[in-house]
Amino acid sequence: MLLEAEGLELAYGEVPACRDVSFNVGEGEIVTLIGANGAGKTTTLRAVAGAMRPRKGRIVFRGKDVTRMPAHERARAGVALVPEGRRVFPALTVRENLEMGGFKLRREPKRLAAQFERMLQMFPRLRERAAQAAGTLSGGEQQMLALARALMSEPRLLCMDEPSLGLAPLVVQDIFRSIRAANATGTSILLVEQNARYALETASRGYVLQTGRIIAAASCAALKEDPRVKEAYLGRR
Ligand code: ATP
């Protein structure tokens, strides 16, 4: 397994957010965590990226216990996070944003340039906009940029938080196509989504979080047929 999380207990001060959360992501997989607002998805993703330290449990990445490894070291080890709400640097150009994402390649200019070129091939719209300030891009383009910026570091595991948030359905389809394209180049993906329909179409396996606990874990095909998932997250038919 690329990532294994076991028995995570996560809290904000005295306020518990997640309990006994265990899941894993295999090499090359797209795995999704779905659940309602406030279920603990973002919190779990933050723990994987190292932005939050679990009270209990452990996180193993590429066979190494990283539970206490700080976020910047985890990033260097190959975990990238695309946070909710995109958060590109609005005053910097698209090119500068991407260069920041490739920070760890800064001493290898050829590799950095090659990776930059790969991103522009994967996201042609960003090539057209390379010299433009990121803040002037549309929401969908900013999400593309946030994704491309994370990919600049050549991560082994990409953690994506709510990529569909606030975007029109057609744009969301583009984003999910890009997520699959990134996965096809070998990056494993942990996808947090409130929109279960999109998530279950994109991932191969999924976990359902409800009030801080995992209540179901199965292939996405099976989750789509699970009555609890159908009723709570896919809408009654
Ligand atoms: P959303 O889709 O709204 O982001 P989520 O499933 O990602 O939902 P989390 O954001 O992980 O849920 O929140 C899990 C729980 O932790 C919620 O009860 C939430 O109120 C609480 N929580 C989240 N962030 C904080 C914080 N900074 N301080 C205190 N409690 C928090």
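Glu141 is buried in this predicted model, because its relative accessible area of 10% falls under the 20% cut-off. You can find Glu141 in helix H6, which covers residues 139–151.

Which residues does Glu141 touch, once its neighbours within four places in sequence are left aside? They are Arg125, Leu126 and Arg129. Arg129 also takes part in a polar contact: its side chain and that of Glu141 are joined at 3.3 Å.

Now let's turn to the sheet. Six strands form an open sheet with mixed pairing, and their order is S6-S7-S8-S3-S9-S10. Strands S6 and S10 stand at the edges; each has a single partner strand, so one side of each is left without a neighbour in the sheet. On average, neighbouring strands here are turned by 15° against each other, direction ignored.

Here is where to look for some of these strands:

| Strand | Residues |
|---|---|
| S3 | 30–34 |
| S6 | 79–82 |
| S7 | 157–161 |
| S8 | 188–193 |
| S9 | 205–210 |
| S10 | 213–219 |

S3 and S9 pair in the parallel sense, over 4 bridges. Which residue of S9 is the bridge partner of Thr32? That partner is Gly206.

Helix H7, made of residues 169–184, lies across S3, S7 and S8. Relative to S8, helix H7 runs at about 155°.

Methods: Residues are numbered from 1 along each chain as its sequence is written. This is a predicted model: local features need pLDDT of at least 70, side-chain atom pairs count only at pLDDT 80 or more; totals for chains, interfaces and linings use all residues. Side-chain values use heavy atoms; hydrogens and water are left out. Helices (H or I, at least four residues) and strands (E, at least two) are DSSP runs, numbered from the N terminus. Buried means under 20% relative accessible area, exposed over 50%, partly exposed in between (1.4 Å probe, protein chains only). A polar contact is a pair of N or O atoms within 3.5 Å; within protein, one must be able to donate a hydrogen and the other to accept it, and residues adjacent in sequence count only if both atoms are side-chain atoms. Contact means heavy atoms within 4.5 Å. Two strands pair if DSSP finds at least two bridges between them. Axes are lines fitted to C-alpha atoms, for helices over the stretch in contact, and angles run from 0 to 180 degrees between N-to-C directions.
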